[in-house]
Amino acid sequence: KNIKKSLTFKIQRQIIEVKSVDSKILGDQKNIGYIQLKSFNENSDKQFIKKIQNFEKQKLIGYIIDLRNNPGGLLNQAITITDFFLEKGEIVSTRGRKISETRKFFARSGDGVKGKPIIILINNGSASASEIFAGALKDHKRAIILGENSYGKGSVQSIIPLKNGGGIRLTISKYYLPSGKSISDIGVSPDIIIEEQNQFELDSDKDNQLNYAIKLFQS
């Protein structure tokens with residue numbers, strides 16, 4: 001009794017795709033598309049755009065995109081997802097000391113939801129790629145931003161390898177919104193400031209920011 005024996009398991013390697021998108025239909029008339037984007041990773045754009053395209057087959061009046069507590073991720077993902085809603089114009093630019101670190105990114109024509117109204121929810125946990133997306137749609141007056149001021153992570157890092165196998169992470173440039181404002185330390189301010197209430201809970205009746213967004217659509 002009480003013999004300690006090692007257990008053997010067979011494990012098969014799999015590529016794990018992180019699910020970064022959740023969605024549902026909201027509102028009294030069930031006509032508002034809600035999409036929560038949790039991060040901007042390699043497949044976020046495909047997941048996000050597929051969800052919206054499925055929603056577009058239904059008779060929806062508009063979309064709520066929830067970026068609360070989304071820490072960001074990949075720049076190219078922020079650009080693709082922002083571009084999906086913009087017909088034209090600048091999305092974001094990076095400016096550094098060197099000319100090579102100064103780049104501008106522009107939208108290609110075509111708005112995937114044909115101008116339907118969009119409300120974007122942000123809070124202090126919305127950072128980096130989230131701020132590029134929310135800030136660009138705000139500057140182009142393509143979306144109403146609702147919630148609380150975002151985090152203010154607008155710097156671009158590069159990793160310089162060292163001979164000993166280590167590396168230095170160095171800030172080489174900063175992100176600027178179409179308006180010319182830097183995201184760094186300031187963040188994106190909402191068009192409508194709605195602070196989290198006491199006993200606030202995401203995805204519940206106590207989510208006063210989401211409830212306010214739904215009411216805006218229904219008013």
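1. Helices (H or I, at least four residues) and strands (E, at least two) are DSSP runs, numbered from the N terminus. On that basis the protein chain reads β-β-α-β-α-β-β-β-α-β-β-β-β-α along the sequence. That gives four helices and ten strands.

2. This is a predicted model: local features need pLDDT of at least 70, side-chain atom pairs count only at pLDDT 80 or more, and totals for chains, interfaces and linings use all residues. Residues are numbered from 1 along each chain as its sequence is written, and side-chain values use heavy atoms, with hydrogens and water left out.

3. Overall dimensions and cover. The C-alpha trace of the protein chain spans about 65 × 60 × 35 Å along its principal axes. Of the 219 residues, 45% are buried (under 20% relative accessible area; exposed is over 50%, partly exposed in between; 1.4 Å probe, protein chains only). The protein chain exposes about 13300 Å², and carbon and sulfur atoms supply 51% of it. Accessible areas come from the Shrake-Rupley method with a 1.4 Å probe; for residues, only the protein chains shown count as cover.

4. Contacts (heavy atoms within 4.5 Å) reach across the sequence. Among those in the protein chain between residues at least 6 apart, 70% join residues at least 24 apart.

5. The open sheet. Four strands take the order β5-β4-β9-β8, with antiparallel pairing (two strands pair if DSSP finds at least two bridges between them). Its edge strands are β5 (103–106) and β8, each pairing on one side only. Neighbouring strands are turned by 25° against each other on average, direction ignored. Helix α2 (residues 75–83) packs on the sheet and touches β4, β5 and β9. The direction of α2 makes about 155° with that of β4. Axes here are lines fitted to C-alpha atoms, for helices over the stretch in contact, and angles run from 0 to 180 degrees between N-to-C directions.

6. Strand β9 (residues 167–176) has partners on two sides. Seven antiparallel bridges join β8 to β9. Four bridges, also antiparallel, join β4 (residues 90–96) to β9. Thr-94 has Tyr-175 as its bridge partner in β9, while Val-156 has Ser-173.

7. Ser-173 deserves a look. This β9 residue is buried, because its relative accessible area is 6%. Leaving aside residues up to four places away in sequence, Ser-173 touches Thr-94, Arg-95, Gly-96, Glu-101, Gly-154, Ser-155 and Val-156.

8. The β8–β9 hairpin has five residues between the strands, and Gly-165 takes a positive phi near 95° there. Ile-160 sits in β8 (residues 155–161). Ile-160 counts as partly exposed because its relative accessible area is 38%. With Leu-162, Ile-168 and Leu-170, Ile-160 forms a nonpolar surface patch of about 310 Å² of accessible area together. Patches are made of residues with over 30% relative accessible area and no salt bridge; like charges are joined within 9 Å, nonpolar side chains (Val, Leu, Ile, Met, Phe, Trp, Tyr) within 5 Å. A salt bridge is a side-chain nitrogen of Lys or Arg within 4 Å of a carboxyl oxygen of Asp or Glu.

9. Helix α3 (residues 129–139) is mostly covered, with nine of its eleven residues buried. Among them are Ile-132, Phe-133 and Leu-137. The cover includes β3, α2, β4, β6, β7 and β9. Lys-141, after α3, has a positive phi near 55°.

10. Helix α4 (residues 208–218) buries Asn-208, Gln-209, Leu-210, Ala-213, Ile-214 and Phe-217. These residues are covered by elements including β1 (21–26), β2 (32–37), β3 (62–66), β6 (118–122) and β7 (144–147).
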